[in-house]
Amino acid sequence: MRPIPRPGRPAALRLAAVAATGLLLTGCAGADTATTDGDDTRLVVAIVSNPQMQDAMSLESEFRKQHPGIEVDFVSLPENEARAKITTSVATGGGEFDAVMISNYETRQWAEYGWLENLQPRIDASEDYDARDFIPSIREDLSYEGDMYSVPFYGESSFVAYREDLFERAGVEMPENPTWDEIAELASELDGIEPGVSGICMRGLAGWGEMLSPFNSILHTFGGRWYDEDWNAELDSPEFQRAADFYVDLVREHGQPGAANSGFGDCLNHYAQGRAAMFYDSTSMVSTIEDDNASTVAGENGYAPAPVAETDYGGWLYTWTLGIPSTSEHPEEAWEFLEWMTDKDYVRLVGEEYGWQRVPPGNRLSTFEIPEYREAASDYADPMLRGIEEADPGDPGTRPVPYEGIGFLAIPEFQDLGTRVSQQLSAAIAGQVTTEEALAQSQEYARTVGETYRENER
């Protein structure tokens, strides 16, 4: 595994400044400092308000039955706001949270800074907690110097969901391993097949964890990269331009209305309500679009691997995880909560309570061996697992890069850089600037960041 790139000035300070800016923009969400009420310990846990986490909140009473001395207060926020608040708290040692939901982007960096508890001793001491059951690519991405510093709640790659009924009506077929050119052609043919139905739904909302996740996967399979091996920015390269033109044109011409403001949750709802023929995004989408209670298209979907262009692989690797800030006053109790929420038994609990389509997928190999899950997920379990296992964050495209990551760059500055670039691309989707103008400005942002790495290497 490539060492974590080091910037030219203390990354921790920069991260804190970036996150603090986000906090000022989004405001406080009412997190309380962890307390102890009588004999009970009250944990404050910060999470992202995705559907799987909402299920965890509703099942907290089951945790209480097993741990009667621990109460849990959740702080649940949309993704962009949660990132800003959690990063600010952890980077500045605020101590508001006993456990935080982060990702494989933050884990190794924060472990190096000493911001997270090393979970490996607790994992090793737990006889029934089978960490070897985590999918290897995910376990490795959450480890620093051989130890795990966060544990995965669910893991994801990306694929294309499509309406089989609409495909049949249009007389078209989804290729077994589609290219992006084929997807664009299908989007053109299916756009407007029913009133209010777009050809495809893809994120256009600015945010490094929003539209840049799908865009980066397209960039890398188109042969583009953010930097060459010497940290020279390449956002003005022909490959980057081609990927940006393709993404912007596809969403503008055949995407959902208001695409520039559509994040993952918006696209998820748009497709689940039958208003798009295809949806390219995280494999975690299945928990919602195959849920009869949340989707009008459950049981009508086919699934295809992430489309490709110049590479054989087109997906990404991402995982929402749980970690314990080093400032937590209750690390023992926080670990008991993490252990409960990421254990094999939790997967069964969700399956039995809410249905097997809603289990948090993509973290444990054993989930794919549960007969009930295999039956419920027969259409998508294999492409999901294959996409996660085959992801190679150290070799994301066709040419060498100095960073790791497919849907993101694992460098501290990417929270700021990625957001700035995504704002430019989102403006291009909205028709406010051309992609050439968007990338010209983006190149300047990226060039400034790249220079700090070159200076540090001299």
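**One glutamate, then the packing**

Mentor: Glu-372 lies in helix H16 (residues 371–376). Helices (H or I, at least four residues) and strands (E, at least two) are DSSP runs, numbered from the N terminus. The model is predicted, and local features need pLDDT of at least 70, side-chain atom pairs count only at pLDDT 80 or more, while totals for chains, interfaces and linings use all residues. Residues are numbered from 1 along each chain as its sequence is written, and side-chain values use heavy atoms, with hydrogens and water left out.

Glu-372 counts as partly exposed because its relative accessibility is 35%; buried means under 20% relative accessible area, exposed over 50%, and partly exposed in between (1.4 Å probe, protein chains only). Apart from neighbours within four places in sequence, Glu-372 is in contact with Arg-348 and Trp-356, where contact means heavy atoms within 4.5 Å. Phe-74 is 298 residues from Glu-372 along the chain, and their C-alpha atoms are separated by 30 Å.

Next, the helix pairs. Helix H10 (residues 212–221) packs on helix H11 (residues 238–254) at an angle of about 135 degrees, and the axes are 9 Å apart. That angle makes H10 oblique to H11. Axes are lines fitted to C-alpha atoms, for helices over the stretch in contact, and angles run from 0 to 180 degrees between N-to-C directions. Angles under 35 degrees count as roughly parallel, over 145 as roughly antiparallel, 65 to 115 as roughly perpendicular and the rest as oblique. The crossing of H10 and H11 is right-handed; a crossing has this hand if the near helix is turned clockwise from the far one by less than a right angle, and is left-handed if anticlockwise. On the H10 side, Pro-214, Phe-215, Ile-218 and Leu-219 meet Phe-240, Ala-243, Ala-244, Phe-246 and Tyr-247 of H11.

H11 also packs with helix H9 (residues 180–190): these axes come within 10 Å and cross at roughly 15 degrees. H9 is therefore roughly parallel to H11. Their crossing is left-handed. Trp-180, Asp-181, Ala-184, Ala-187 and Ser-188 of H9 make the contact with Phe-246, Leu-250 and His-254 of H11.

The loop between H10 and H11 holds Trp-231, which has a positive phi of about 65 degrees although it is not a glycine. Trp-231 counts as buried because its relative accessibility is 3%. Glu-145, in the loop between strand E5 (143–144) and strand E6 (147–148), has a phi near 50 degrees, again a positive value in a residue other than glycine. Glu-145 counts as exposed, at 69% relative accessibility.

Last, the rings. Rings of Phe, Tyr and Trp (its six-membered ring) pair if their centres lie within 6.5 Å; planes under 30 degrees apart count as stacked, over 60 as edge-to-face and the rest as tilted. By this rule there are 33 aromatic pairs. One of them is the tilted pair of Phe-153 and Tyr-154, 6.1 Å centre to centre with 50 degrees between the planes. Phe-153 counts as buried at 0% relative accessibility, as does Tyr-154 at 1%. Ring pairs also link a cluster that includes Phe-215, Phe-240 and Tyr-247.

Arg-364 lies over the face of Tyr-129, 5.2 Å from the ring centre; a charge sits over a ring if NZ of Lys or CZ of Arg is within 6 Å of the ring centre and within 35 degrees of the ring normal. The charged end of Arg-420 sits over Tyr-445, at 5.3 Å from the centre of the ring.
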